[in-house]
Amino acid sequence: MNGLQFDPDRRLDVVAVGRLCIDLNANETGRPMEETMTFTKYVGGSPANIIIGAARLGMRTGFIGKLADDQMGRFIRSYLRKDGIDDSQVCVDRTGAVTGLAFTEIKSPQECSILMYRDHVADLLLNTEEISEAYIASSKALLISGTALAQSPSREAVFLALEFARKHNVTVFFDLDYRPYTWTSAAETAVYYNLAAEKSHCIIGTREEFDMMENLYNLAGADDQATAARWFSHQAELVVIKHGGSGSIGYTADGQSHRSGIFPAKVLKTFGAGDSYASAFIHSLMSGHSVSEAMRRGSASASIVISRHSCSDAMPTLEELEEFLRTNEEVTAGAQ
């Protein structure tokens, strides 16, 4: 129905690899960070948020990552366990690395920003010796995100995970998650993003993220269909290109395209929408829904999360998502 294959005999539904960090979200909204005095602590990081969202929807989930040997690292581990996420492959750094922090500023629903502290963070010290082939082989799907490619040794660890996924027929989801401040140059970013995308079955990103990947190769200005077609010549079966408030378009390798809109929401903040979209989208695809329905459910989940204060805590349960879909109507998109 959606072109992706999942082995029903695997112990886990989806395993994520990459960033585990802390979000400190402003309690005082409608003002700049200079005037914000208090913040609330949550687990953060794109792959962490997505896997938490998937777990809330009832999926059997696991995480491969590295935590700092500090109070923040222990907080993250206890949070994963509380949501039933297998943390057996989450190791602890012993070199003095720290937990990444993200302070959020909420000036208005349309004007939000993030101040990141990412120097010497533990998650980027994940190495190849900490990637278990057997663990990846036990999952139906592997989720990677772009930030884990930003530095060695995490970069090599992700590519090894991708090779184990290919070897054992594990479906790979690549959430682009481009954060410019973690990279040294646009060229470096594009090279590694493209290499990872070649090994992925489903690629999810914004139009701007795909542009970043294409500019280096003189492909600037490509339309969505041309972008998707490029990846179908590799492993991809499904490419989703998001256009913010205009919705998103999903392309499948059989030549079809699927357009989704957005759901009206009382927006508190803009961040978290992509992670919540991805969690519900992946859950829906793996539950056998069509691409169009998976995109609709992803949009609904995004609308729920942007109306709430956090990202991870805000991820809806399956019951909450179903209730939202019953009581709200999708607005037709105008993405090009």
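T206 stands opposite K242 in strand β11, and strand β10 (residues 202-206) runs parallel to β11, joined by 5 bridges. The model is predicted: local features need pLDDT of at least 70, side-chain atom pairs count only at pLDDT 80 or more, and totals for chains, interfaces and linings use all residues. Residues are numbered from 1 along each chain as its sequence is written, and side-chain values use heavy atoms, with hydrogens and water left out.

- Helices (H or I, at least four residues) and strands (E, at least two) are DSSP runs, numbered from the N terminus.
- Two strands count as paired if DSSP finds at least two bridges between them.
- Strand β12 (residues 248-252) pairs with β11 in the antiparallel sense over 5 bridges, and T252 in β12 is the bridge partner of L238.
- The two strands β11 and β12 form a hairpin with 5 residues between them, and G244 in the turn has a positive phi of about 60°.

**Burial of β11**

- Buried means under 20% relative accessible area, exposed means over 50%, and partly exposed lies in between (1.4 Å probe, protein chains only).
- In β11 (residues 238-242), 5 of 5 residues are buried.
- L238, V240 and K242 point one way from β11, V239 and I241 point the other way, and all are buried.

**Helix α8**

- The expected span of a helix is 1.5 Å times one less than its number of residues.
- Helix α8 (residues 273-286) has 14 residues and should span 20 Å, which agrees with the 20 Å between its end C-alpha atoms.
- Because 12 of the 14 residues of α8 are buried, α8 is largely enclosed by the rest of the structure.
- The buried residues of α8 include D275, Y277, F281 and H283.
- G288, which follows α8, has a positive phi near 95°.
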